[in-house]
Amino acid sequence: MSQAFVRESEEQWLHDVPPTTNALVVYLTRENNGVRVYEKKVTVNQKTGKEEHHMSNGSAYSKDDEGKWFIGW
């Protein structure tokens, strides 16, 4: 079995990541070629009341009503 085939089968999407900050960090670090991504701060979006996790990769992530991660507003 080729390594390329194995890597394709291990593909994971952001919305499939478990709804914990640690799982998000692991996922983002893996997507960032192993360069550690960490949480810089957490704010609350005034329009939605949902937490936004601002990460060291420059993006903010939130969870939808089903607890699935998405890139923030």
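Let me start with His 53, which is found in strand E2, residues 51-55. This is a predicted model, so please hear every value as computed from it. His 53 is buried, because its relative accessible area is 5%, and the cut-off for buried is under 20%. Its side chain makes a polar contact with the side chain of Glu 39, at 2.5 Å. Leaving aside neighbours within four places in sequence, the residues in contact with His 53 are Thr 21, Glu 39, Lys 41, Val 42, Ser 59, Ala 60, Tyr 61 and Trp 69.

Two of those names, Tyr 61 and Trp 69, come back in the largest nonpolar core. That core has eleven residues: Leu 14, Val 17, Ala 23, Leu 24, Val 25, Tyr 27, Leu 28, Val 37, Met 55, Tyr 61 and Trp 69. Helix H2, residues 21-31, gives the most to this core, with five residues. As a general point, nonpolar side chains in soluble globular proteins tend to be buried together.

Staying with H2, its buried residues are Ala 23, Leu 24, Val 25, Tyr 27, Leu 28 and Thr 29. Strands E2, E3 and E4 are among the things that cover them. Take Tyr 27: once its neighbours within four places in sequence are set aside, it is in contact with Gln 12, Trp 13, Leu 14 and Val 17. Just after H2 comes Asn 33, with a positive phi of about 55 degrees.

Now the charged pairs. How many salt bridges does the structure hold? One. Asp 65 forms a salt bridge with Lys 50, and the closest N and O atoms are 2.7 Å apart. The pair links distant parts of the chain, 15 residues apart. Asp 65 sits in the loop between strand E3 (60-63) and strand E4 (69-71), while Lys 50 sits in the loop between strand E1 (39-44) and E2. Asp 65 counts as exposed because its relative accessibility is 73%. Lys 50, at 24%, counts as partly exposed.

Lys 50 also turns up beside Val 44, a residue of strand E1. Not counting residues up to four places away in sequence, Val 44 touches Gly 49, Lys 50 and Glu 51. Is Val 44 buried or exposed? Exposed, because its relative accessibility is 54% and the cut-off for exposed is over 50%. From Val 44 to Ser 62 is 18 residues in sequence and 9.6 Å in space, C-alpha to C-alpha.

Stepping back to the whole chain, there are two helices and four strands. From the N terminus on, the order is α-α-β-β-β-β. The chain has 73 residues, and buried ones make up 25% of them. Among contacts between residues at least 6 apart in sequence, 24% join residues at least 24 apart.

Last, confidence. The mean pLDDT of the chain is 89, and 85% of the residues reach 70 or more. Where pLDDT is low, the predicted coordinates should not be read in detail.

Notes
Residues are numbered from 1 along each chain as its sequence is written. This is a predicted model: local features need pLDDT of at least 70, side-chain atom pairs count only at pLDDT 80 or more; totals for chains, interfaces and linings use all residues. Side-chain values use heavy atoms; hydrogens and water are left out. Buried means under 20% relative accessible area, exposed over 50%, partly exposed in between (1.4 Å probe, protein chains only). A polar contact is a pair of N or O atoms within 3.5 Å; within protein, one must be able to donate a hydrogen and the other to accept it, and residues adjacent in sequence count only if both atoms are side-chain atoms. Contact means heavy atoms within 4.5 Å. A nonpolar core is a set of buried Ala, Val, Leu, Ile, Met, Phe, Trp, Tyr and Cys residues joined through side-chain atoms within 4.5 Å. A salt bridge is a side-chain nitrogen of Lys or Arg within 4 Å of a carboxyl oxygen of Asp or Glu. pLDDT is the predictor's confidence in each residue, from 0 to 100.
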